[in-house]
Amino acid sequence: MMMACEVQLINEFIDWILLKEDLKYLPNEIKVHLISIIDVLRGFNLNKFVETKWINKSLITIEACLDRTWQILNSGHWKDVPISYRYSYSFCSLIKVILLEIEEKHENKEKSSDTEIKVLQEIIQQIDKGILLGAPLPNEPSLLTTIASKINNYYNKFVRKLNVQKIEIDYSQVSQSLLPEFVQVNRYKVPSMELFYKDIFIPKIPVIITDSMKHWNALHLWQDIDYLNKIAGSRTVPIEIGSRYTEEDWSQSLITFSEFLQSHIIKGTQKVAYLAQHQLFDQIPELQNDIVIPDYCSFSDKEDVEVEPPDINAWFGPAGTVSPLHFDIKNNLLCQVFGYKRIFLYNPSDSINLYPYDTKLLNNTAQVDPLKPDYVKWPNLKKAKGYMCYLGPGEMLYIPPKWWHHVTALTTSFSVSFWWT
């Protein structure tokens with residue numbers, strides 16, 4: 001089959017010495033089942049015959065390890081999951097796709113290209129689960145990402161074009177009126193680094209920056225449905241279902257990017273779906289080639305400390321997606337690739353007037369809604385001074401640390417945020 005010839009995971013990418021070293025980071029209950037499989041695979045090549053019985057037995061073992069790890073990953077709060085089990089999920093995902101490739105090579109020589117596509121889809125899906133639910137392996141942190149890109153590039157030759165060429169947005173229908181009780185956010189056209197530092201970054205003032213994204217390829221590429229589908233269509237991504245994360249009907253789901261495009265961007269469904277706060281560019285580095293980290297992120301609030309690369313997140317969804325009023329602890333540049341968003345902001349000094357939730361999980365989220373102010377229930381809200389802006393294509397919004405912000409997509413929208421300290 002072509003897959004085995006062109007996508008050789010075993011010999012091309014994997015350093016078995018390093019991989020076996022990573023076994024020590026796995027829980028003993030998982031590690032004990034993997035040692036013998038690793039020892040066989042370590043001396044294996046795709047031209048060597050292997051018994052079907054051993055492949056099947058090994059796949060059953062790996063599935064059992066994945067199931068056990070899945071139980072641990074879903075047993076409580078994500079932050080409380082031991083890192084060893086996240087390593088385990090990544091490690092087992094890797095071993096599973098290696099076994100699937102061997103099985104394809106040695107047992108499915110006469111099967112159709114449809115079977116090959118199905119196996120490729122299963123491999124890509126499992127690798128993405130390893131990336132999303134696992135943790136980068138200590139000795140080879142980029143291994144799963146590299147393999148996913150390699151296989152996805154090969155899989156692209158089977159991808160069918162979607163029936164819509166471009167995400168069309170009628171910007172003339174977007175109202176940009178300022179609500180009377182809010183103050184307009186100031187705008188700067190390509191401020192110099194010195195001006196940004198002295199007048200914006202140091203005093204921590206939210207501003208809109210224009211004309212600083214002209215060199216981003218994303219501005220003209222990402223409204224092309226076929227481009228997005230080719231680069232990311234087969235990849236599995238986490239989607240939020242529901243209008244906002246504070247509502248009872250809110251949930252999360254793992255689906256392919258292509259399914260998300262077809263069901264929620266092209267057609268639109270009754271329930272709002274949002275690819276929100278996802279490190280898409282770590283998962284799919286090809287998309288990061290279309291954006292540029294703003295130079296403004298080079299300033300730090302910490303003295304005599306080298307600035308670390310910012311956390312980069314994707315925010316992609318239809319009109320109607322909402323991020324409730326909340327704050328982040330880092331500096332934030334919210335960059336709009338296409339579409340329009342309406343944003344309300346409040347100074348950290350107004351926190352007491354915004355009635356934050358008193359739960360540990362939501363203590364950075366306010367109970368009040370700027371669009372539906374209930375002054376009977378939340379009387380102190382009248383004391384808060386609100387700021388307001390509309391963020392359009394090619395514009396950045398600087399949101400200082402701990403500034404409250406409420407974000408609504410007025411059209412189909414793709415934003416990229418850069419968080420740094």
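Predicted model: local features only at pLDDT ≥ 70, side-chain atom pairs only at ≥ 80, totals over all residues.
Which residues in H11 meet which residues in H12?

Helix H11 covers residues 225-232 and helix H12 covers residues 257-266. Their axes are 9 Å apart, and the helices pack at an angle of about 150°. Because angles over 145 degrees count as roughly antiparallel, H11 is roughly antiparallel to H12. On the H11 side, the residues that meet H12 are Ile225, Leu228, Asn229 and Ala232. Their partners in H12 are Phe257, Ser258, Leu261 and Ile266. Sorted by class, this contact has 6 nonpolar residues, 2 polar ones and no charged residues.

Now turn to helix H4, which runs over residues 28-42 and has 15 residues. From its first C-alpha to its last, H4 reaches 20 Å, close to the 21 Å expected at 1.5 Å a residue. If you follow H4 along its length, you will find a kink of about 35°, centred on Leu34. Leu34 is also one of the buried residues of H4.

Finally, have a look at Ser142, placed in the loop between helix H7 (113-133) and helix H8 (143-155). Is Ser142 buried, partly exposed or exposed? Its relative accessibility is 45%, so Ser142 counts as partly exposed; the exposed class starts over 50%. Ser142 also gives you a pair to pick out on screen: Ser142 and Gln283 are 141 residues apart in sequence, and 9.6 Å apart in space from C-alpha to C-alpha.

Note on methods:
Residues numbered from 1 in each chain as written. Heavy atoms only, no water. Axes fitted to C-alpha atoms, helices over the stretch in contact; angles between N-to-C directions. Helix = DSSP H or I, 4+ residues; strand = E, 2+ residues; numbered from the N terminus. Parallel < 35°, antiparallel > 145°, perpendicular 65-115°, else oblique. Contact = heavy atoms within 4.5 Å. Nonpolar A, V, L, I, M, F, W, Y, C, P; charged D, E, K, R; others polar. Buried < 20%, exposed > 50% of the residue type's maximum accessible area, 1.4 Å probe, protein only. Expected span 1.5 Å × (residues − 1). Bend = angle between axes of the 7 residues up to and from the residue.
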